[in-house]
Every structure is written in structure tokens, then in C-alpha cells.
2 protein chains.
Amino acid sequence: MSGTISVMQFGCGPIGCSIVRLAARRVSLSVCGAVDIDPALAGRDLGEVAGAGAGLATAVRSDAQAALAELRPDLVFHTTGSKVADVYDQLALIAAAGANVVSTCEELAFPAYREPELAERLHALALRHGVSILGTGVNPGFLMDTWPLFMSTLCADVRRVRVVRIQDATGRRVPFQRKIGAGMSVAEFDAAVAGGAFGHVGLQESAAMLAAGLGWRLDAISESIEPVLLDRDVRSEHVSVPAGTVAGLKQVAVGTRNGEPAVELEFQAYLGAPRSYETVSLAGTPPLEVTIDGGTPGDTATAAIVVNSAAAVAAAAPGLYSMKDMPVVGCTA
Amino acid sequence: MSGTISVMQFGCGPIGCSIVRLAARRVSLSVCGAVDIDPALAGRDLGEVAGAGAGLATAVRSDAQAALAELRPDLVFHTTGSKVADVYDQLALIAAAGANVVSTCEELAFPAYREPELAERLHALALRHGVSILGTGVNPGFLMDTWPLFMSTLCADVRRVRVVRIQDATGRRVPFQRKIGAGMSVAEFDAAVAGGAFGHVGLQESAAMLAAGLGWRLDAISESIEPVLLDRDVRSEHVSVPAGTVAGLKQVAVGTRNGEPAVELEFQAYLGAPRSYETVSLAGTPPLEVTIDGGTPGDTATAAIVVNSAAAVAAAAPGLYSMKDMPVVGCTA
């Protein structure tokens, strides 16, 4: 890929704004515009909305189709929803406009798992319009799927993969702290879990992607979610958690193969975790244990992985991709 | 890639034999033959030579050209030498026979660095014959180049990369222990270094590949090598190292960018190292520190990475590749 890639931001929430700030600093990218459904943002200067300074000289639009037709971006950073069914029409619109897509939609990290039909339709759309579509992010998209798969390159055989991600949520955004249940009573937490739309989206996608990359056919993937309770009070700047109420969540997905657990993904995010880290453990030949000491800050890393993927997605042959199928991306300039 | 990939082994030294043993166990690969220059191996059963059991039913050949013409492998595992100039004719022969190549030739991990003309010729040959050629291995090829590049995907920016690999050589093969100088006097070590053909080949290739992946133009890459001396006696099963003699080596490559160290690669392999590990440290946003606790056994992992790469290389568009340009490989079945 030579020349600058013109990029449009689709969705100006916190992650979208982080992406715009980072993309604005990259010499290989040129931010040509942004869209968002919030009427309060329409017409406002994108640089100001995103905190990216005055250099962007473009306003946030509300009509995505018109913006795509007028700006004709090479690539769109898409950050509006977690479910493929919810964002399918947006992705189809972008593809029809001839733009490549990098999306943080969690289910799109491995859409064949939950939405095989929509995944096939997206792949067909990508081929028809000559564009590439990638679902990515730090988790799903990297820490619990692509990273363990990448490390397994060192192994003659792998019998079992375990990934543990422990995050002290104290320094994270308040919406993230709320999202993990911090400050809830146990009854509120249980009600939220029973209500469905609660917890981290993407563990099962990660398990499915990792298994597919290893050539494994899983029998099933199960998932559990439970509150993390501490025997002491903890607090962040905005949320207090008295002892015995919910400090955060522990979510586990287990993929079984030939009746045995083969993929185990454990995600814990709570206020007061003594140490943040991610560890990949591969039971195989050789066994490997790899740890990111101090952990990976989710928001910064998600914006980075999205922006870093732009050049590879723009250069890829048309189609729908998961991270396991991409070349090594790396931090590009 | 569907169907079985037929593979031929080119070079039946210890690594070549490890590759044959592993490839023989893979359902996606079919070992069709092997060549070696050692007359003592010619005509001997490959399964017996490689310790792969009786199932291979093929003899080691000495005439590579005839073997390639007769066996017509899809892909050749090539493990004969460290320098591109030394193995160029072999690679050209394999390419001309229409076979893809995965080679452990250290300089071939990033041949543009030391042998840009030969690299261009190999790329042209690959295109002409419709084959793909990959230089890989655990180091160079993974731990000090592809791995830190892969981890940098999580970073918004990277200013500096440091990789440290410490290996306790006690359990390694005797030739490896000799190769790192274990048991030499300091004078012998210095003479060996002055003689040139001593030390680990590939640190500079790793630095150059990593920089290229990050889009960095380095001013220069320097390399140093010195003995590791301990104040106590150490020994392996076959080598004794009295205090004050050489237990192994410490080799460092530093790539500078805009006058500052930007890539620092440190490799230490010696008898009696208290702990084996590899650590990647990325100075950037966010900073990252990632460690393989216990380290990576070089011989097992090199055979694995070579065999794991077969399907991706067979499926790649024709050309000469480095690991940074490959899709995520993973441990395949």
C-alpha cells in the first residue's frame, strides 16, 4: 500500500474518539470525516469532539450514506455495537460505498460462530464490492485468541490452551466500571446476568476463533459469569464498593474437545485486583507460559489495534477476515 | 489448502531429523523423501535415520536434483546452512523444481539485510516458478523479531524495543554447548570470535526485520559478543566449566534510529544460567513487558515453527517471504 489511506470514523463514542485521536497522528492515514447518530454531535467539529485538536477541519455528520458518498473514504473505523445483527446494515452500507472496514463489533471478531449466515453474506458483499472487512479489538481479537494462536507457532503439538486476564478496573472509565457490575449488590448482579445484556461480549468468539486457528473442532463452548466479592471496602474515583458487594465480574468460557476442556478463557475485571496481567498457558510440546506483566489497558490497546490494522486491511484481498487470517499487523507509523 | 502437502527434507542433521519426526506425525503432511550430502546416509531408511519409525518407507538420497524431479514434493524443508550465499544454489534448485521452501537458513529470515541482491533474485525465481520461499526459525524468525512486532499491535506508538533471551544451555545438545564456547578458555573464545565464524547467526537479521515491520529506518546495527564467566564451577553431562573459564556467550545487537538505540536484542546462552526466559519490552503507549517464563527450547521450537509454517507457505502467493509478512501461523494439525 503506498500513499495515504483516507479513513472515516463511524461512531463517535469513547473508543471512536480514541481512534480518531490516534489516526490523526499517523502519517499513513488521513481522517476525512465521521458519522454518529447522536443529534447533539451533528455539525460539531470532529477534532473538538474527539479531542484531536484543530487540524481535522471536518464536522461530524448524521447521514452515513451521504457522508460515505461524498467523502469516499478508503476505509472506515466502525465502533457502534457488539452484535453482528445490530450492525449488519451499517457494514453493508459501508461496503456498498466501496470502503474497507475495521470494526470493534465484538461478535464480528469471529462472526462464523454466532452469525454464520450473516458472515457469509458479509463475505459475499465484500467480494462484490472489492473491499475487506475485519472485526478486531484487544479482547476479542487479540489477547484471548490471536495471541495464544500466535504463540502456539512455537509448539510441535498443543493439547490445551488457557488464557487468564485479570484487570484492576480502578483506573478504567466509569462506564466500564458500571459494565462489570462494580458497586452492585449481589441481587442486582444476578438480575443483570439473568437479564442477558450484561457482561463481556466476545469470550465465546475468542474460544471459537482460537479453536479454528488450531484446527480443532470443539464439542461445545460453555460460559459462566459470577460476581467478584471482596472482604474489604474498595473504591475508585467514582464508585465505592463496600465489602460484600460486587467489585466486578469473573467470566469464564470453556470449549471442550473430545469431551475434555481444551480452551479455557478466564476474564476477571474488578476494583481492587491486586495485579493486572494476562497469561497464556499452552499445554503441549514444549509447554509455554507467557505473561504480559501489568496487563494491557483495554481502551488504549483497542484504539491501537484498530488503527494499526488499517494498512493491512486496505492491502488485503477482498473478503471478510478475522485476526487469525491477517498478516502480522504490528504498530505502524 | 485442502489435501495433504507432500514434503521433502533437505538436510538430515539434528534439526532436519526433528522436522522429519514431527512432519511424519502431522495428518496434513506426507513425508515423501529426504536428501543429504553425507555419503554415510545415502540409501539408508529415512525413518530410521530420523528416528521417525518405520512408516516412511523412503531412503535418504544424495542427488537432490534427481530426488526433486522424481518425488515432485509440494514443499521442501531446508536445513543445510546459515548463509544465503552458501545455500542459494540449493534454494534455486528447489524453486526450479516447482517446490515451495521453508528454510532454517538464518540469514534467509530477512535476506534483504545482508544479501539484498540474492534476495531479489530469489524473489524473482519464486515468481517465475510459482513457489513461495520462507526463512524462519525460533531465533531469528520468531522470538526477537516476529514476536515483538506482533505484540506491538497493542501499541499506539513504540519508541524502543528490547528483547532479552537467557538460556541455560545445560540441557542442550553438546554441539550447541560447544557452539556457545562452553568450556573454552577466554583466549580460545577471543580467538574464535576474531576468527569470525563463531556465535549466534541472525541477531542483526532480527533487528532489521523488526525495524522494517515497525516502519523504522535504522541508522546502523552494531553487534558485540563476549564470554560469560562465572565465579563457580558448572558442568553439563558432557562439558565442564571451571570457574573463570567460559560458560557460554552474551551477544548483543543494537539498532540505532535518529542517533538513539531503538532496537536492543540480547542473547545469552551459558551453562548454569539461573533461569531461562525471553522478555519483550516495548517502550511506547502503552508500555508492554511480556515474558516467556522458563524460556523456549530452541531445537523443539525450531522444528515446530518450520513444520507449522508449511500450510501457510504452500497457500501463499508466489514470492520470497519473511515471518513478518506471513499470516499468523499457529500450531496446525
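Modeller: A crossing is left-handed if the near helix is turned anticlockwise from the far one by less than a right angle, and right-handed if clockwise. By that rule, helix 1 of chain A passes helix 10 of chain A in a right-handed crossing. The model is predicted, so local features need pLDDT of at least 70 and side-chain atom pairs pLDDT 80 or more, while totals for chains, interfaces and linings use all residues. Residues count from 1 along each chain as its sequence is written, chains are lettered from A and ligands numbered from 1 in the order written, and side-chain values use heavy atoms, without hydrogens and water.

Biologist: Why is helix 1 of chain A called oblique to helix 10 of chain A?

Modeller: Helix 1 (residues 14-25) and helix 10 (residues 298-308) of chain A pack at about 55°, and their axes are 9 Å apart. Helix 1 of chain A is therefore oblique to helix 10 of chain A, since angles under 35 degrees count as roughly parallel, over 145 as roughly antiparallel, 65 to 115 as roughly perpendicular and the rest as oblique.

Biologist: Which residues of helix 1 of chain A meet helix 10 of chain A?

Modeller: On helix 1 of chain A they are Ile15(A), Ser18(A), Ile19(A), Leu22(A) and Ala23(A). Their partners in helix 10 of chain A are Asp299(A), Thr302(A), Ala303(A), Ala304(A), Val306(A) and Val307(A), where contact means heavy atoms within 4.5 Å. By class, this contact of helix 1 with helix 10 of chain A has eight nonpolar, two polar and one charged residues.

Biologist: What makes helix 4 of chain B and helix 5 of chain B roughly parallel?

Modeller: The axes of helix 4 (residues 84-96) and helix 5 (residues 116-129) of chain B cross at roughly 10° and come within 10 Å. That angle is why helix 4 and helix 5 of chain B are described as roughly parallel to each other. Helix 4 of chain B contributes Val84(B), Ala85(B), Tyr88(B), Leu91(B), Ala92(B), Ala95(B) and Ala96(B), and helix 5 of chain B contributes Leu118(B), Arg121(B), Leu122(B), Leu125(B) and His129(B). The contact of helix 4 with helix 5 of chain B has 10 nonpolar residues, one polar and one charged.

Biologist: How do you know that Cys32(A) is in no disulfide?

Modeller: A disulfide is a pair of cysteine sulfur atoms within 2.5 Å. Searching the whole structure gives zero disulfides over all chains. For Cys32(A), the nearest cysteine sulfur, that of Cys12(A), is 12 Å away. In chain B, the sulfur of Cys32(B) is 12 Å from its closest cysteine sulfur, in Cys12(B), and so too far for a bond.

Biologist: Why does Cys32(B) count as buried?

Modeller: Buried means under 20% relative accessible area, exposed over 50%, partly exposed in between (1.4 Å probe, protein chains only). Cys32(B) has 17% relative accessibility, so Cys32(B) counts as buried. Cys32(A) is buried too, with a relative accessible area of 17%.

Biologist: Why does Ala57(A) count as exposed?

Modeller: Its relative accessibility is 68%, so Ala57(A) counts as exposed. Ala57(A) sits in the loop between helix 2 (46-50) and strand 3 (60-61) of chain A, and its phi is near 50°, a positive value in a residue other than glycine. Arg72(A), not a glycine, has a positive phi of about 45°. At 58% relative accessibility, Arg72(A) counts as exposed.

Biologist: Where is Pro286(A) found?

Modeller: Pro286(A) is in the loop between strand 13 (277-285) and strand 14 (288-293) of chain A. A cis peptide bond joins Thr285(A) to Pro286(A), with omega about -10°.

Terms used
Axes are lines fitted to C-alpha atoms, for helices over the stretch in contact, and angles run from 0 to 180 degrees between N-to-C directions. Helices (H or I, at least four residues) and strands (E, at least two) are DSSP runs, numbered from the N terminus. Ala, Val, Leu, Ile, Met, Phe, Trp, Tyr, Cys and Pro count as nonpolar, Asp, Glu, Lys and Arg as charged, and the others, Gly among them, as polar.
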